[in-house]
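Welcome! Please take a look at the sequence and the model below, and then let us walk through some of the contacts together.

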Amino acid sequence: MKQIDTQKPVLVTGGSGYIASWIIKYLLEEGYTVHTTVRDLAKKEKYAHLQSIANSSQGTLKVFAADLLEKDSFLSAMQGCELIMHTASPFFVLGVKDAEKQLLQPAKDGTGNVLETAKQVESVGRVVLTSSCAAIYGDNADVRSTPNNVFTEEYWNTSSSASNNPYAYSKTIAEKEAWKIAETQNRWDLLVINPAFVLGPSLTKRTDSTSIKTMLQLADGTYRFGTPELWFGVTDVRDVARAHILAGFTPEAKGRHIITSDSVMILDIASILAEKFGHKYPFPQHRLPYFLLWLFAPLLGFSQNYIKNNIGVPIHFDNSYTKKDLGLEFRKVSDTVIDHFQQILDDGLLRRR
Ligand code: NAP
């Protein structure tokens, strides 16, 4: 059981990110001192939004430079911190050219660097790691190895590899590395947050985050011929951020935490958006037939094996442990996607494309 001192600074790695920005916003609004890291301090536009949140809230923000691939890079940012939230990790699933360099090394070695540094810094008492449901399952067909077609925190992704679903593999090996390092010491405990696919309003106008790109694609005609019958878990970015904070400051909390409000398909999200915003935008309305997907899989950047193991296979997640351990209440998917699309409209992101 770890009681974290609320007067000490909290380190959130990767402050420019979609999820980290919400964590930092909540912490600053609650009056904490936040240390965060970005790769390049000179790229001020990547963290200007955090600076302006800090200016209008009670908390204090200090920004440090750190790269996941540089050993000891996080040492100065970690000084004096009792709570570390390690969110930084590359997140993209399409267009992977060199999985080892682009995904596996920064995820696993980066986690290794941050946690090895936490072993050196005496003030550290707890580490909250942003893992993913991708560390719980790789292909939807993995659900068939569960007793009730439901994933729980007990499961680990055993079907992904460097060549099959490398992003999911990167999250799996990074989380395993974290648990391994945590066992080599006893000053801090490790808590893990395993979000499903994250949607919800972004605090910046950046469009290079995979979550943001996906929401934009729903209204830019990408799916005009239809959408695949692919089930996935969805969660709200604000709930993910809140989960990190609850994990950090709930003394008795422990273990892995599935963060998902429901399982949906792209078409379900499109229906929610069409009902709210009408058909002014080309929200998809049809499912792509399985045989077409199977046929054109390689052209779309997927293997036929991926289609076989994922399309048309419903999956479900059990979030009851998270509700109990963290006391987290989940937003409805409809609120998440409506708020997200409204932010996209308010920020003029569709017109600019
Ligand atoms: P994001 O907006 O793309 O943020 C990723 C962050 O990681 C950025 O701050 C990025 O910095 C940083 N980063 C990447 N490579 C780095 C490196 N070599 N050194 C230092 N920093 C590096 O993605 P996100 O959605 O917020 O994801 C944050 C975390 O949540 C990741 O661990 C991701 O795997 C996990 N997650 C995300 C989802 C989701 O659906 N969004 C679901 C489950 C888990 P730059 O700004 O410099 O690129």
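A salt bridge here is a side-chain nitrogen of Lys or Arg within 4 Å of a carboxyl oxygen of Asp or Glu. By this rule, the count in this predicted model comes to 14 salt bridges. Local features need pLDDT of at least 70, side-chain atom pairs count only at pLDDT 80 or more, and totals for chains, interfaces and linings use all residues. Residues are numbered from 1 along each chain as its sequence is written, and side-chain values use heavy atoms, with hydrogens and water left out.

| Salt bridge | N to O distance |
|---|---|
| Asp 189 and Arg 126 | 3.0 Å |
| Arg 256 and Glu 175 | 2.7 Å |
| Lys 180 and Glu 177 | 3.6 Å |

Let us take them in turn. Helices (H or I, at least four residues) and strands (E, at least two) are DSSP runs, numbered from the N terminus. Asp 189 in strand β7 and Arg 126 in strand β5 link distant parts of the chain, 63 residues apart. For accessibility, buried means under 20% relative accessible area, exposed over 50% and partly exposed in between (1.4 Å probe, protein chains only). Asp 189 counts as partly exposed at 21%, while Arg 126 counts as buried at 0%.

Arg 256 in strand β10 and Glu 175 in helix α5 are 81 residues apart, and both are buried. Lys 180 and Glu 177 are three residues apart in helix α5, so about one helical turn separates them. Lys 180 is exposed at 54% relative accessibility, whereas Glu 177 is buried at 15%.

Not counting residues up to four places away in sequence, Lys 171 touches Ser 89, Thr 130, Ser 131, Ser 132, Ala 134 and Ala 135 (contact means heavy atoms within 4.5 Å).

Next come the aromatic rings. Rings of Phe, Tyr and Trp (its six-membered ring) pair if their centres lie within 6.5 Å; planes under 30 degrees apart count as stacked, over 60 as edge-to-face and the rest as tilted. The count is twelve aromatic pairs. Phe 91 and Tyr 167 make a tilted pair, 4.6 Å centre to centre with 45° between the planes. Phe 91 sits in the loop between β4 and α4 and Tyr 167 in helix α5, so this pair ties together parts 76 residues apart in sequence. Tyr 281 and Phe 283 are also a tilted pair, at 5.9 Å and 50°, and both are buried.

Phe 283 leads us to the nonpolar cores. Such a core is a set of buried Ala, Val, Leu, Ile, Met, Phe, Trp, Tyr and Cys residues joined through side-chain atoms within 4.5 Å. The largest has 65 residues, of which Val 12, Leu 27, Ile 269, Leu 273 and Phe 283 touch the most other members. Helix α1 gives the most to this core, with nine residues. Apart from this core lies another of 22 residues, among them Phe 74, Met 78, Ala 88 and Ile 181.
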